[in-house]
Amino acid sequence: MGDLFLKQRENWWVWVAWGIVGLVLSKLLLSVLSNTWWVLLVPVLILLILTAWMNFNRRFDFMRALKIFLLVGVISMLPLFEQRWHSWEQLTHIVVDSGTLLISLLMVCVLCALLARRPKQYY
């Protein structure tokens, strides 16, 4: 029956470390490229790597994986938000760009969480 009644505790420092790796890679790619959408590939690739690992382990349910992906994704995208918020000339462009980035991150996180969740077990 596995760990049916065992409450698993999450080690959040591991996921923060993955987010910091994504943050550093995003910052490096942002210094080379100026296009935001190309820099968005770094958090997506890190989330896909974590998805493959979670799918291999088969111990993450949807909500647990979604929380982890959102944490890693937001930390990885901090340089993109910082670049958008650096210039305060047009507030509407800042809001629209940040909203678009957050919505795209949420869609990627939901898709990755669906792929990473453990399959239903029938007893």
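Trainee: Which residue forms a salt bridge with K27?

Mentor: Keep in mind that this model is predicted. The partner of K27 is E82, and their closest N and O atoms are 3.5 Å apart. A pair counts as a salt bridge when such atoms lie within 4 Å. The structure holds one salt bridge.

Trainee: Which parts of the chain does the pair link?

Mentor: The pair links distant parts of the chain, 55 residues apart: E82 belongs to helix α5 (residues 78–86) and K27 to helix α1.

Trainee: How are two packed helices described?

Mentor: By the angle between their axes and the distance between the axes. Here helix α1 (residues 12–32) packs with helix α3 (residues 41–57) at an angle of about 150°, and the axes are 9 Å apart. The cut-off for roughly antiparallel is over 145 degrees, which means that α1 is roughly antiparallel to α3. The crossing of α1 past α3 is right-handed.

Trainee: Which residues make the contact between α1 and α3?

Mentor: On α1, they are W15, W18, V21, G22, L25, S26 and L29. On α3, they are V42, P43, I46, I49, L50, W53 and M54.

Trainee: How many residues of this contact are nonpolar, polar or charged?

Mentor: The contact of α1 with α3 has 12 nonpolar residues, two polar ones and no charged ones.

Conventions
Residues are numbered from 1 along each chain as its sequence is written. This is a predicted model: local features need pLDDT of at least 70, side-chain atom pairs count only at pLDDT 80 or more; totals for chains, interfaces and linings use all residues. Side-chain values use heavy atoms; hydrogens and water are left out. Axes are lines fitted to C-alpha atoms, for helices over the stretch in contact, and angles run from 0 to 180 degrees between N-to-C directions. Helices (H or I, at least four residues) and strands (E, at least two) are DSSP runs, numbered from the N terminus. Angles under 35 degrees count as roughly parallel, over 145 as roughly antiparallel, 65 to 115 as roughly perpendicular and the rest as oblique. A crossing is left-handed if the near helix is turned anticlockwise from the far one by less than a right angle, and right-handed if clockwise. Contact means heavy atoms within 4.5 Å. Ala, Val, Leu, Ile, Met, Phe, Trp, Tyr, Cys and Pro count as nonpolar, Asp, Glu, Lys and Arg as charged, and the others, Gly among them, as polar. A salt bridge is a side-chain nitrogen of Lys or Arg within 4 Å of a carboxyl oxygen of Asp or Glu.
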